[in-house]
Amino acid sequence: MSDARVNAGPDHVVWPPEVAARYRAAGYWRGQTFGALLTSVTAAHAGRTAVVGERNGEIERWTFAELDERAHRIAAGLAASGIVPGDRVVLQLPNIPEFMAVVFGLWRAGAWPVFALPAHRDSELRHFAGQSEAAAIITVAEHERHDHAATARAVAADVPSVRQVLVVGSAEFGELAASEPRELPDPDPAGVAFLQLSGGSTGLPKLIPRTHDDYLYSVRESARICALRPESVYLAALPVSHNYPLSSPGVLGALHAGAASVLAPRPDPDTAFRLIESERVTITGVVPPLAAAWVQAAARTTRDLSSLDTLLVGGAKCGRELAERIGPALGCRLQQVFGMAEGLVCYTRLDDPDEIVLGTQGRPISLDDEIRVVDPDDPAASSADVVAPGEIGALLTRGPYTIRGYYRAAAHNATAFTEDGFYRTGDLVRRGPSGHLEVVGRTKEQINRGGEKLAAEEVENHLMAHPGVLDAAVVGVPDEYLGERTCAYVVPTAGSAPTAAELRRFVRERGVAAFKVPDLVLVVDAFPVTGVGKTSKRELRAALAALAEKR
Ligand code: OOB
């Protein structure tokens, strides 16, 4: 067994002890938990604003002292309700101030949030709760016209581990959040702090175990690289439970710096520009389609955006043209970010020359982020199969905040990681002489729909559950606005003729996030096959491209 697998437990793989010792000696892992971080930031900045949010159109503002107290009360309440250290708790909250209080409350109680997105529905929640054997689900009553409490209760009824559903805003939650604070034992900083979700390339999203030690390192460095100071104001425009607005530098980077986080209920230009003006926002992060929408809207806005110094763009490739328009249109500097919930995060630096900022997706946070660009045609390429400098290859990485394995996914880990512990990102990159990476494509069976990731296989499985579907193949179609949209090719069973509309409705009604419902459904007689008889997605993509040409 290789080094990387030495500490493989039944649930997840950790770093080999000698590697962990090296990361500690280098000062990356400091033995601090998130709960302890909030305590120390509060000691330094008690009266400064920590969180700003909106409730029924009214602005709500909490200082660090208030956030700290709320988190203590929630932790005590959770403990009293039977949550014990190590319990997994599926958290599905939109961008509301309570997100911060509940997350830090869970951390102080030693529980592990499982960060579901507000867009997730029954099928995903069921998977997260089941896979993590969650003890509880915390959600809101309703958001964007979806009854989240009902979904959570339906999942709880079917997943035996789930003992309670807590609805933020309910009387029951109010009571829990009013509990008398009490000191709880600080969890192990080297232990898991939470489970993030992978974009997925096979089946349902995998769970990503991140520790206090490793994640806090990436948060601290992100705050430094993005020059956050106590006077900075970060706008969380995207759903805050996603790794990007959470930590790159995100609300946690802001908190670490003693800066305020403003939680935007929606990312549209009207909402975001209103908050940028009223809260004097200095920095925010968006995905490319949103950056394009903001650039367009900026031309005719009457809002004062002059406080904004930095716009991060990432989650999907930001094309050169868009990159060039951002600074002039929004009166701020662009910072590109290429990251992944599994770990590695790259940023362009504030002092990088324009050529780098406009034309690359940045370089890694850490000098100890090991990067290998390997043979792109060999899915099993090892970390030794590197291509020549400047050539395109598949990106492998290993380092002080990149996981060594997914949670409870031994079989998948065997292919997603190399023998020596490198994560196969599935991204195709080119590395320049300065170490900056340019993302040029992807080898994984994932569709990146404007930053929202979905595994082709997950959607194929939903389609195949339809009695009129014999086979399904889902591919990405290039799209000017989203970068990519989803196209499902379907072969019907003999004698049936399901329509595109019917199949889209069928997928939606199986309870999946709206961004996974195929944008386009094409019913065909048969799929083109490869030499070995597998469905040729390459040919399906080519057929789509030809179709687009004709139009
Ligand atoms: C972020 O995280 P995930 O886990 O939703 O998605 C990761 C994947 C990457 O492997 C890559 O395929 C793609 O998203 N990606 C980009 C990109 N940033 C992410 N592809 C091209 N250019 C970029 N700038 O998306 C994420 C996590 C932390 C910070 C930022 C993004």
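User: Helices (H or I, at least four residues) and strands (E, at least two) are DSSP runs, numbered from the N terminus. In this predicted model, which element gives the most to the shell around the ligand?

Analyst: The shell around the ligand holds 22 residues, of which Ser248, Phe338, Gly339, Met340 and Ala341 come nearest. Two or more residues of the shell come from each of α9 (243-247), β15 (333-340), β20 (423-431) and β21 (437-442). With 5 residues, the element that gives the most is β15.

User: Which strands stand at the edges of the open sheet of 4 strands, and why is one side of each left without a neighbour?

Analyst: The sheet is open and antiparallel, with its strands in the order β18-β19-β20-β21. Two of these strands have a single partner strand each, so one side of each is left without a neighbour in the sheet. Neighbouring strands are turned against each other by 45° on average, direction ignored. The strands at the edges are β18 (370-374) and β21.

User: Which residue in β19 stands opposite isoleucine 371?

Analyst: The strands β18 and β19 (residues 392-398) pair over 5 bridges, in the antiparallel sense. Within β19, the residue opposite isoleucine 371 is threonine 397.

User: What distance separates the centres of domain 1 and domain 2?

Analyst: The domain assignment of the protein chain gives domain 1 as 1-12 + 366-449 and domain 2 as 452-550. The contact between them takes 13 residues from domain 2 and 5 residues from domain 1, and on the side of domain 1 these are 1 nonpolar, 2 polar and 2 charged residues. Taken over C-alpha atoms, the separation of the two centres is 28 Å.

User: How far apart do the end C-alpha atoms of residues 43-407 lie?

Analyst: An unreviewed UniProt entry annotates residues 43-407 as "domain: AMP-dependent synthetase/ligase". In the model this span is 35% helix and 25% strand, and its end C-alpha atoms are separated by 35 Å.

User: What percentage of residues 458-534 is strand?

Analyst: For residues 458-534, the unreviewed UniProt entry gives the feature "domain: AMP-binding enzyme C-terminal". The end C-alpha atoms of this span lie 18 Å apart. Helix makes up 22% of the span, while the share of strand is 32%.

Terms used: Residues numbered from 1 in each chain as written. Predicted model: local features only at pLDDT ≥ 70, side-chain atom pairs only at ≥ 80, totals over all residues. UniProt positions renumbered as here; feature names shortened; annotations may be inferred. Near = placed C-beta within 6 Å. Domains from an automatic or database assignment. Contact = placed C-beta atoms within 7 Å. Nonpolar A, V, L, I, M, F, W, Y, C, P; charged D, E, K, R; others polar. Pairing = 2+ DSSP bridges. Axes fitted to C-alpha atoms, helices over the stretch in contact; angles between N-to-C directions.
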